[in-house]
Amino acid sequence: MPGRYGKVDFRASGARWRGFAAGDAAGFAALCGKLDGPEAVLCKDRPKITAGCVDGYFIKRCNLPGLLTQLRRRLRTPRPWRALAGARQLAALGIDTPAVAAALTESRGWVRREFLVTAALEPETEFFNRALDRGAPPETVWRKLMEDVLPLLVRLHDSGWIHGDVNLRNLYLRPDGRCGMVDLDGMTPRRGGVAARFRVGETARLVSSFMICARDTGDAAERCREAAERYTAAGNFPLDAAAVRRAVRPLLERGKRYR
């Protein structure tokens, strides 16, 4: 994780760029423009989000379609700036996440787009949902989640932060065995510490995401019991397995459409 970020505020090609960058801000702004070009290898191209790799970097662009969305977003801190704050917190905790190179907004009149630029992950890095899709044994994936990922979540909670979108699409395993987290724009600090309902909720999202991705129709209560026990053992907060089970139930109901 770069140690220093310079504040960005400049104009280029009719747009105003603002935010933070570790290095040449104008160069990163130009790099963001390549996301629509032939050099980009896209992994997501939707009305709200475009994301892909360009020149060794991963770029995520929030397109913010529609006037109402533009107005609502202007009342909040831009998502890339929140993701940068989350990445710096993870780095301070020793939790792996791709290094952020720039967190920028591009404004043309009243239209704004937001860009997060990070180092690209190694090609051999595997997200947990994709591991299940390619046929990895579900119990092997579950063991990795319980033994390596859940303690990271506990460490994050004990530091006073929540992730905001815990699911297997946002959790990865590097070739060297390190587990990490992405999609950090929902990370937020909780004044006074992370309350039980957030700890329960994010643990439940981890359990339900695994069961949905693995098409696991087994004993959800047993999964919740083990997760709660391992969460408690990894930190100093006694997590209630029954509360996790109650939180998992509606998540699994909503997830049935993916099965």
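Analyst: A crossing is left-handed if the near helix is turned anticlockwise from the far one by less than a right angle, and right-handed if clockwise. Helices (H or I, at least four residues) and strands (E, at least two) are DSSP runs, numbered from the N terminus. This is a predicted model: local features need pLDDT of at least 70, side-chain atom pairs count only at pLDDT 80 or more, and totals for chains, interfaces and linings use all residues. Residues are numbered from 1 along each chain as its sequence is written, and side-chain values use heavy atoms, with hydrogens and water left out.

User: In which hand does α5 pass α7?
Analyst: Contact means heavy atoms within 4.5 Å. Residues of α5 including Trp142 and Met146 meet residues of α7, among them Arg223 and Tyr231. The crossing of α5 over α7 is right-handed.

User: How far from the ring centre of Trp142 is the charged end of Arg223?
Analyst: A charge sits over a ring if NZ of Lys or CZ of Arg is within 6 Å of the ring centre and within 35 degrees of the ring normal. Arg223 sits over Trp142 in this way, and the distance is 4.7 Å.

User: Is Tyr57 buried, partly exposed or exposed?
Analyst: Buried means under 20% relative accessible area, exposed over 50%, partly exposed in between (1.4 Å probe, protein chains only). Tyr57 has 27%, so the residue is partly exposed.

User: Is Phe28 buried or exposed?
Analyst: The relative accessible area of Phe28 is 9%. Phe28 is therefore buried.
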